[in-house]
Amino acid sequence: MKRILLILGFALLAAASLRAQETATVPPALDSTLLGKNIFNEMGPGVKVEQSSAIREAMAQYISKNASKSLSGYRIRVFHDNSPQARSRSEAIENSLKEQYPEHKVYRSFESPNYKVLIGNFRSKDEALGLFNALKRTYPTAYIIKDNIEYPL
């Protein structure tokens, strides 16, 4: 009887330690409230960040070295047409988007027989949704597409 209780006690201790290891290895939930945002812009006034000039130089070199690379990401296709007026309409939409959203890059292209106008360089679909919802009112045929985007500067 003592052996059975001793074995049962060890089994319970082993199970408890395994359970403790399982909960210790679970990663914390990802806080997506800052996803795609510049943390320095979110800190507000009065916050001063001190860093060595070597860090700034290394980051600038890293960005300039990778600027020609493209990443897999998302853009919003605002216009896609092959009608006789497509060229002039695509130019008008491109100019309008550049004026309304100067913080986002606008791309106009011609792939025979279609003219296309796209906006943005978004790393995730969630990032693109904010602008997409604003554009949807003016451009109801707009939609989010997966595309190669420019390296963020």
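View 1. What you're looking at is a predicted model, where local features need pLDDT of at least 70, side-chain atom pairs count only at pLDDT 80 or more, and totals for chains, interfaces and linings use all residues. Residues are numbered from 1 along each chain as its sequence is written, and side-chain values use heavy atoms, leaving out hydrogens and water. Of the 153 residues in the protein chain, 24% are buried (buried means under 20% relative accessible area, exposed over 50%, and partly exposed in between, with a 1.4 Å probe and protein chains only). The accessible surface comes to about 11600 Å², and carbon and sulfur atoms own 57% of that (Shrake-Rupley method, 1.4 Å probe; for residues, only the protein chains shown count as cover).

**View 2. Here's the largest nonpolar core, with 20 residues.** Ile76, Val78, Leu97, Ile119 and Leu135 have the most contacts inside this core. Strand 1 (70–81), helix 4 (86–100), strand 3 and helix 5 (125–138) each give two or more residues to it. A nonpolar core is a set of buried Ala, Val, Leu, Ile, Met, Phe, Trp, Tyr and Cys residues joined through side-chain atoms within 4.5 Å. Zoom in on leucine 97: leaving aside neighbours within four places in sequence, leucine 97 is in contact with Val78, Pro102, Val106, Val117, Ile119, Leu135 and Tyr139 (contact means heavy atoms within 4.5 Å).

**View 3. Lysine 116 pairs up with glutamate 111 in a salt bridge.** The closest N and O atoms are 3.0 Å apart; the rule asks for a side-chain nitrogen of Lys or Arg within 4 Å of a carboxyl oxygen of Asp or Glu. You'll find lysine 116 in strand 3 (residues 114–122). Lysine 116 counts as buried because its relative accessible area is 10%, while glutamate 111, at 45%, is partly exposed. Not counting residues up to four places away in sequence, lysine 116 also touches several others, including Arg77, Phe79 and Tyr107.

**View 4. Arginine 108 and glutamate 94 meet through their side chains in another salt bridge (3.0 Å, N to O).** This pair ties together distant parts of the chain, with arginine 108 in strand 2 (residues 106–111) and glutamate 94 in helix 4, 14 residues apart. Glutamate 94 is buried at 14% relative accessible area, but arginine 108 is partly exposed at 33%.

**View 5. Glutamate 150 meets lysine 105, side chain to side chain, in a salt bridge (3.1 Å, N to O).** Glutamate 150 sits in strand 4 (residues 143–150) and lysine 105 in the loop between helix 4 and strand 2, so the pair links distant parts of the chain, 45 residues apart. Both ends are partly exposed: glutamate 150 at 32% relative accessibility and lysine 105 at 43%.

**View 6. Out on the surface, Met1, Leu5, Leu8 and Leu12 form a nonpolar patch.** Together they have about 490 Å² of accessible area. A patch takes residues with over 30% relative accessible area and no salt bridge, joining like charges within 9 Å and nonpolar side chains (Val, Leu, Ile, Met, Phe, Trp, Tyr) within 5 Å. Methionine 1 lies in the segment before helix 1 (2–24), and methionine 1 counts as exposed because its relative accessibility is 76%.

Definitions and conventions: Helix = DSSP H or I, 4+ residues; strand = E, 2+ residues; numbered from the N terminus.
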